[in-house]
Amino acid sequence: MPENRTQLDQLNATVRILRSRCAWTGALTHESLRTYLIEESYEVLDAIAEQNPALLKEELGDLYFQILLHSVIAEEQDHFGLEDVAETLNAKLLRRNRHIFDEHGQIRQQIITDVDEIIRVWDAAKQAERAGQPKKRKNAGLPAGLPSLALAQKLLDRHARAGSAQPAAGLVTEQVRERIVDELSLAEELMALSARAEELGLDAESVLRAALSQQYGAETDATTSPKSPSKR
């Protein structure tokens with residue numbers, strides 16, 4: 001390889017060689033990669049929890065491999081490539097961070113530092129993007145495949161920020177506030193609820209997803225990926 005190639009250039013070339021020469025890699029599709037994308041994301045989270053920089057570097061590489069594969073597959077289908085992914089992301093960051101960048105993408109002379117105002121500007125930019133466009137996703141723009149607990153908390157946050165008539169505070173009783181005052185008491189409460197679900201023979205994940213569907217119209221039909229080769 002030419003000496004002036006960056007490590008990212010070399011990595012991209014390696015992935016393309018694997019895609020064209022390796023029967024296993026060449027058979028991968030967007031659909032068959034879904035399980036690996038989720039798995040690699042959780043392994044990144046584990047590395048962060050361990051506070052292990054070397055492991056985090058490795059796991060971020062595995063996650064980036066998924067992005068490269070999806071981009072190469074999309075390019076083969078004449079949809080988009082990695083450069084297009086980068087261009088789209090950069091444009092979105094410039095557009096949504098108006099507290100830093102002006103409409104021409106230049107750094108503002110006066111930069112907003114108030115966090116509440118930054119969130120307001122960010123939300124306003126997102127709303128402007130959606131104006132006049134057909135709704136692309138259910139769940140207030142959240143992926144249906146999120147674990148139900150994470151989906152519930154994010155849905156409550158989105159509805160609260162949008163001024164919904166269903167604020168999260170209205171779901172919390174005084175007894176709950178008394179029992180749950182910090183991370184430890186929250187963990188104990190969640191464990192107790194999980195144990196009770198087990199006693200009743202109920203699947204806590206499914207029960208919560210059903211409740212979200214009834215109260216917020218959340219999409220709960222998270223598809224599963226077809227069987228694919230085990231992780232190598």
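This is a predicted model: local features need pLDDT of at least 70, side-chain atom pairs count only at pLDDT 80 or more; totals for chains, interfaces and linings use all residues.
Reader: What elements does the chain have, and what makes a stretch a helix or a strand?
Author: The chain has 10 helices and 0 strands. Both kinds are DSSP runs numbered from the N terminus: helices are H or I with at least four residues, strands are E with at least two. Read from the N terminus, the order is α-α-α-α-α-α-α-α-α-α.

Reader: How much of the chain is buried, and what does the word mean?
Author: Buried means under 20% relative accessible area, exposed means over 50%, and partly exposed is in between (1.4 Å probe, protein chains only). Of the 232 residues, 20% count as buried.

Reader: Why is Ser71 called buried?
Author: Its relative accessibility is 4%, so Ser71 counts as buried, with the cut-off being under 20%. Ser71 sits in helix α4. Leaving aside residues up to four places away in sequence, Ser71 touches Phe80, Gly81, Leu82 and Val85, where contact means heavy atoms within 4.5 Å. Take Val85: Ser71 and Val85 are 14 residues apart in sequence, and their C-alpha atoms are 7.7 Å apart in space.

Reader: Is Asn97 buried or exposed, and how do you know?
Author: Asn97 has 16% relative accessibility, so it counts as buried. Asn97 lies in the loop between α5 (82-96) and α6 (115-130).

Reader: Why do Gln51 and Asp78 count as exposed?
Author: Gln51 is at 71% relative accessibility, so it counts as exposed. Asp78 also stands at 71%, so Asp78 counts as exposed too. Gln51 belongs to the loop between α3 (34-50) and α4, and Asp78 to the loop between α4 and α5.

Reader: What makes the phi of these two worth a mention?
Author: Most residues other than glycine have a negative phi. Gln51 isn't a glycine, yet its phi is positive, about 55 degrees. Asp78, not a glycine either, has a positive phi of about 60 degrees.

Reader: What puts the buried residues of α7 on the same side?
Author: The buried ones are Ser148, Leu151, Ala152, Leu155 and Leu156. They cover an arc of only 130 degrees around the axis, which puts them on the same side of α7; the arc is taken from the directions from the helix axis to the C-beta atoms. These buried residues pack against α10 (204-216).

Reader: Why are α7 and α10 called roughly parallel?
Author: Their axes come within 9 Å and cross at roughly 25 degrees. Axes are lines fitted to C-alpha atoms, for helices over the stretch in contact, and angles run from 0 to 180 degrees between N-to-C directions. Angles under 35 degrees count as roughly parallel, over 145 as roughly antiparallel, 65 to 115 as roughly perpendicular and the rest as oblique. So α7 and α10 come out roughly parallel.

Reader: And why are α1 and α4 called oblique?
Author: The axes of α1 (residues 7-21) and α4 (residues 53-76) cross at roughly 60 degrees and come within 10 Å. That angle makes α1 and α4 oblique to each other, therefore. Among the residues that meet are Leu8 and Val15 in α1, and Tyr64 and Phe65 in α4.

Reader: What makes the buried residues of α1 line one face?
Author: Ala13, Val15 and Arg19 are the buried residues of α1. Seen down the axis, they fall within an arc of 160 degrees, so they line one face of the helix. Gln7 and Arg21 are exposed residues on the face turned away from that side.

Note on methods
Residues are numbered from 1 along each chain as its sequence is written. Side-chain values use heavy atoms; hydrogens and water are left out.
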